[in-house]
Amino acid sequence: MSQSIFDKLNLRPQERRLVVIVGLIIFVLLNMWFVWPYFDDWGRVRGEIARNRTTLERYKREIEQKAKYEARQRELQSTGSEMLASEVELQRVVQTQAAAAGVQLGRQTFVKAGGFGRTNQFFQEISLNIDINSGGKEIIDFLVGVAAQNAMIRVQNLDLRPTQNQTRLGGTITFVGNLQQAVSTNAPSRNVAAARQPRK
């Protein structure tokens with residue numbers, strides 16, 4: 001028959017109770033020193049695990065979209081020839097169409113607030129503010145001529161008002177174009193908009 005540790009130590013009942021009480025006190029003190037301070041760590045670890053799982057699920061969803069992103073990349077690269085090769089090209093297109101329509105241009109400034117506009121992997125937006133003074137018909141022909149270039153140029157802001165003699169219109173126009181980014185392709189980018197003539 002196996003003997004308990006108390007029997008082996010030949011302790012009396014009062015001594016056994018004292019050993020048990022001391023053991024409980026030591027156990028509580030050890031927990032207070034080495035276990036309880038780390039209870040908050042477990043909550044933080046669980047929170048980090050939950051955040052990592054959420055991040056992992058988001059990454060998995062993005063990976064599942066790879067085929068769609070690659071298709072979109074091919075589509076954007078295939079239309080890259082219609083983008084502007086430089087900010088100077090945007091200015092050249094505007095000046096060419098203004099001269100063809102008989103529109104008088106004044107100050108011309110690029111808008112660079114916060115960089116050159118919204119940017120992604122394939123293009124960035126550039127803005128050009130111009131001051132104009134011309135007749136209404138000429139301005140319409142000018143805008144139509146710019147739009148006909150198919151060079152991804154659009155009007156972002158149009159502010160026109162009659163001049164003092166009430167025979168012409170003056171104001172500002174803001175054009176926005178997509179500037180082609182450098183992409184991995186063997187086909188050189190073509191400067192398509194600079195030399196185009198107004199369509200008839």
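A strand here is a DSSP run of type E with at least two residues, and strands are numbered from the N terminus. By that definition, Thr-172 belongs to strand 4, which covers residues 169-180. The model is a predicted one.

The chain as a whole gives the setting for this residue. Its 200 residues include 23% that are buried. Six helices and four strands are found in the chain, and from the N terminus their order is α-α-α-α-α-β-β-α-β-β. Of the contacts between residues at least 6 apart in sequence, 68% link residues at least 24 apart.

Two of the strands can be followed in detail. Strand 1, residues 104-111, and strand 2 run antiparallel and are joined by six bridges. One of the residues involved is Gln-104, whose bridge partner in strand 2 is Asn-133. Strand 2 spans residues 123-134 and is largely enclosed by the rest of the structure, because nine of its twelve residues are buried.

Leaving aside residues up to four places away in sequence, Thr-172 touches Ile-130, Asp-131, Asn-157, Leu-158 and Asp-159. Gln-108 lies 64 residues from Thr-172 along the chain, and the C-alpha atoms of the two are separated by 9.5 Å.

How values were computed
Residues numbered from 1 in each chain as written. Predicted model: local features only at pLDDT ≥ 70, side-chain atom pairs only at ≥ 80, totals over all residues. Heavy atoms only, no water. Buried < 20%, exposed > 50% of the residue type's maximum accessible area, 1.4 Å probe, protein only. Contact = heavy atoms within 4.5 Å. Pairing = 2+ DSSP bridges.
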